[in-house]
Structure formats: structure tokens, C-alpha cells
There are 2 protein chains.
Amino acid sequence: MALAGAGALLHLNGNRIVQFPYRPANPTRLSPSSYNKAMMVMNQSYWDSIHADVETHLREAIHVRPPLSVYEPMHHLALETPQNTAPALCAAACELVGGHRDQAMAAAAALHLMHAATYTHGHLPLTDRSKPMITHHAYGPNIELLIGDAIIPFGFELLSMSDDSARDISDRVLRVIIEIARVTGSQGIISGQYHEIQYDESKNNHDLELIKRISEKKEGELHECGAKCGAILGGGNEDEVEKLRKFGFYVGMVKGMLHRGDKSDEILMREVEELKSLALDQLTGFNATKVEAFANLVGS
Amino acid sequence: MALAGAGALLHLNGNRIVQFPYRPANPTRLSPSSYNKAMMVMNQSYWDSIHADVETHLREAIHVRPPLSVYEPMHHLALETPQNTAPALCAAACELVGGHRDQAMAAAAALHLMHAATYTHGHLPLTDRSKPMITHHAYGPNIELLIGDAIIPFGFELLSMSDDSARDISDRVLRVIIEIARVTGSQGIISGQYHEIQYDESKNNHDLELIKRISEKKEGELHECGAKCGAILGGGNEDEVEKLRKFGFYVGMVKGMLHRGDKSDEILMREVEELKSLALDQLTGFNATKVEAFANLVGS
């Protein structure tokens, strides 16, 4: 019976590890469509529970305290920023390699904070902005500029403080700091934002290469970083870290391209399908009971 | 003869460790005024050499490379930002506790980068700025905003990468990351900038308490952090780290208060003299040949 279980399926499937949506060996108790619906609900509640944990961790980390002039708007702006999948992927990747999601919570919170800083500064009313600005701002631009600046080091502070000398994880924490610094700094999102400014100015929404370059630097690398950091913090081996890194990258690319591109563009949609397939390929060999939620992330 | 040397003087002086300017036991070869001048030149060249080393380190760390759209303005903005004493103090403190200044170069560079990010964002032409802006900008505000954002994680990346597993210094590096994150984030400069906005708006340049609060959060804590981090990275013991932390704080306060305050205000100048005296008190017990340059930093 064990051989007919999910683990065996994964083993037998070779290249492609999950049929999507995945069906168990003995689905007789539910009709296929009811089963799929039940699985989707279960997977959704898995991601919901991770998002809720990241938010709780953030609320506690940035609880309003002196200096109120800093923590009050920081709390507000960090929690007002829409959630992103990359922090959740970080916590989930940590669990997938056998760790506890708590081990990745500081990194997940730092990733959300980096995203919040970019989001806040992306909505500043600068004098030469070509983009229309959102009209409601709870704080003036001076404060939003300052708080965006404060959020970034705060993320690194959370990360460094998650070091636990009793568990001798300094090397893991430093590795994660390097990864997050790279993706949020010169080599990552910033360069994506630079391309995005060009894209907005060109008004050419069909430039697939530019869409891919922006998606790579923004969503692609952010999700890659999230999954990789989670795997490092959960104690994954190098093979697992590498697979989850790639998985994150492909998932991010899919998200970015679908968000930015024109869904009626057949070339774009074909590339998206290829990326989904590449993402699923990376899940080979992981714990089958946990893989389903990951595969679900790739689904449309 | 050794007893009449600098070390003995330091030992005998009890509370106050150096006469300022310091004179050696046998100054007969030079007249006192020529000697003072020679010492000032020597001390100046010590700080000049440290500033030059920090700049060389920065030029190499941010050498212009792809993505050019990011590194070219980052290189420009980081090196255009006027040098600050805090990074130099970091390298010097490392030497004072017996380390080599190279051990503190990444931290010194990170401190300069944090200062450069603050400086760049402090000169952005926001729509509601009350302050007159500098008119020459090599880049548009979008780019300056983005690059300021990229500089901060880049500083943390430099720091994390300075970890040398062969020398088992991860704990020191993580401690320094926490210190720099704190001072550049929510609890430090940002809160100082917040007070500075209030100060600029109040137009009351005689509010000594507000001047002190801004100087504490801006120059005071930045120099405190620089000196402390240098001492940590140089392998100083906790007593040395604590003394250099205090020294840095007092030096920064003196700089901030003299920069911001009215020098004809007797109360302010009396407080400055007290801070200078407190700074010199912290130098007790350190290597006498190196202490002179530190004492020089406190001088007017």
C-alpha cells in the first residue's frame, strides 16, 4: 500500500514529479472534482496560514513603540503594503526541507519589509514622476521617504537578531543576509525598477523581452531568493537549496509575466506554460505530502 | 626612560589620559610650537590616510559594472557624498585595539554608504519640501530615489561578505550588522532626520534641547556606532568596546552641536567643552602612540 502512496508516485514519475492537480492512488471516497476542490481548499488554507503567520510576526516585530514618530508610520506602511508570495514561499520552503516555519520567519518578515520599502518609495509623489500617483497618502512624502529608508535596515536588523548562538546558525544567517541584500539591492529589484521606468515610458506593452527582463529582476529573483533562503534556514542540503531556488525563480517569472503581459499574447502564454512546467520539475524528490501546496502555487 | 615615555604619562595621569596637545617627555629637539605643528601634521596625515583607504575600498567595492544603470549612478552618488568622520573612526578604532584597519574596511565602507543614502535622499526634490534644494543633480529624482534604496542593502552585502569563515568571525560580523542596522534604521538617523524636519520648520535656531536631540541621533550615534564596530572587529575586549563607543558618541555630539548650533551661545559652548573632556576621559589605558590622533579628533 505504501508503494501506491504519494511517495511512490513521485518516485515513479521520473522527470515530472506531480500530476497537476495531483490525485492520490485511492480517490474512491471523493469524486475527482470534489477531491480537486477539497485539495485546493486545503492548499489555500496552507498558504493562508503561512501569510497569517508572517503577518503576526511582522506585527510583533514592528509593534508601535518609541520613537513613535518612526514606529507608528513604519507599522502602518509595512502592514498596508499588499502581501507578496515571496515571504510565504520562504517559510514554506523551510518546512519543505524539514525545518519549522519559525526558523524562516525573520527572513520572511525581512523580505516583506524590503517589498514594503520598494512599494512605499514607488508611490512617492516626486516632481518628475511620469506615472499617476495614488491620491491617498496617510503620511506626507517626507515621512514616506524617511520610513522607506528606515524599513530596509530594520529588515536586516531582524535578520541578524534571528541568529541563535546556541544553535550555531550564524553561517546560515549571514548567507541569507547576503542573498536578501543582493536581491533588494544593486543586482535585483532596483535594476528591475529601472527597466520598469523605461517600460512605462516606452508605452509599448508588447515588448516581451522587456517584460521578461523586468519580471526576472522583480518577481523572479524575489521569489528565487525567498525559496532559497527558506531552504537554507531549514537546513536543506545544497541540492534541495538549488532546486527550491530554481522553483522560486520560475514561479516568480510566471507571476511577473502574467501580471505585466497581455494574456491574449500566445507567445507569452506559451512561455508561461513552459516556465510552469520547469517549476514543477524542480519538486522531484521532496516530501510528497508537502509538495502539493507548492504545485498549487504554479497553477493559474 | 620608558617610565618617562608616553605610556607612563598615561598611567600617571589617572582620570585624564592625555594632555591636549600631548607633549613627549623629551621635546628638546623641537620648540613647543614647532612640535605641536609637527604633531598636528602627523595626526592630520593619519586621518588623511584612513580617509584615503576608505575611499579606495569604496571605489573598488562599487566599481562600475553591469547593471551599468545601477552601478554607474551608485558609484557617482556614493563618491560624491562628502566624507564623514564616522567611517574613519571605525577603521581607527580597529587599529587602536590592536587590529589591522583592513578588518574594519567593509564596516567603514558600509557606514559611508548609509551616510550617502541619507545624503542622497535628503536632497531629493519632493513636492512638499520646505527646504531649498541644491540645484545641480547629475541624475533625475527617480534615479536618485532608486539608487539611495540600492545603496543601503549594498552596504549590508559588503558587510556580510566580509565574513571570513577561516577566521571564525561570523559572530563579530553579525554584531556589527545589528549595530549598523540600528543606527541607520528606525532607532537612529531616521529619528534624527525627523527631529531635523521639525527644527527646520520651527525656525528657532536657539532651541538647544532640539539641537542636542538631533545631534545625538545623527552625528552622535553614527560616530558611536563607527567606533564601537571598529573595536568589535579589531578584537577589542568589552571594556575597550564600551570606552570607544562612548568616545565616538561624545565626538559625534561635539561635531553635531558645533555644526548646528550658534557658536556665540555660551551655554552651548560650555556643554561642548564638557563633552570634549568626557571624550578624552575614555581614552585612558589605550596604546599611547595611537591615542594622540584620537585626541586630535576632539580638538576644535
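**A walk through the helices**

Hi everyone, let me start with a list: in helix α7 of chain B, the buried residues are B:S170, B:V173, B:L174, B:V176, B:I177, B:I178, B:E179, B:I180, B:A181, B:V183 and B:T184. Buried here means under 20% relative accessible area, with exposed being over 50% and partly exposed in between, using a 1.4 Å probe and protein chains only. Helices are DSSP runs of H or I with at least four residues, strands are runs of E with at least two, and both are numbered from the N terminus.

Some housekeeping. This is a predicted model, where local features need pLDDT of at least 70 and side-chain atom pairs count only at pLDDT 80 or more, while totals for chains, interfaces and linings use all residues. Residues are numbered from 1 along each chain as its sequence is written, chains are lettered from A and ligands numbered from 1 in the order in which they are written, and side-chain values use heavy atoms, leaving out hydrogens and water.

Back to α7(B). Since 11 of its 15 residues are buried, α7(B) is largely enclosed by the rest of the structure. This helix covers residues 170-184 and reaches 21 Å from first C-alpha to last, close to the 21 Å expected at 1.5 Å a residue; that expected span is 1.5 Å times one less than the number of residues.

What about helix α12 of chain B, residues 288-298: how many of its 11 residues are buried? The count is 8, so α12(B) is also largely enclosed by the rest of the structure. Among those buried residues are B:V291, B:F294 and B:L297.

Now for helix pairs. In chain B, the axes of α5 (residues 105-122) and α6 (residues 141-161) come within 9 Å and cross at roughly 165°. Axes are lines fitted to C-alpha atoms, for helices over the stretch in contact, and angles run from 0 to 180 degrees between N-to-C directions. α5(B) and α6(B) are therefore roughly antiparallel to each other; the label applies over 145 degrees, with under 35 roughly parallel, 65 to 115 roughly perpendicular and the rest oblique. Residues in this contact, meaning heavy atoms within 4.5 Å, include B:L113 and B:M114 of α5(B) and B:I151 and B:F154 of α6(B).

α6(B) also packs against a helix of chain A: α7(A), residues 170-184, lies at an angle of about 150° to α6(B), with the axes 8 Å apart. That makes α7(A) roughly antiparallel to α6(B). A:I177, A:I178 and A:R182 are among the α7(A) residues involved, and B:F156 and B:E157 are among those of α6(B).

Let's finish in chain A, which has 12 helices and 0 strands. Of its 300 residues, 54% count as buried. Residues 24 or more positions apart account for 71% of the chain A contacts with a separation of 6 or more.

Here are two residues to look up. A:M105 sits in helix α5 of chain A and counts as buried at 4% relative accessibility. A:M105 and A:L233 are 128 residues apart in sequence and 9.7 Å apart in space, C-alpha to C-alpha. Is A:E219, our other residue, buried or exposed? With a relative accessible area of 15%, A:E219 is buried. This residue belongs to helix α9 of chain A and, leaving out residues up to four places away in sequence, touches A:I214, A:G252, A:G256, A:H259 and A:R260.
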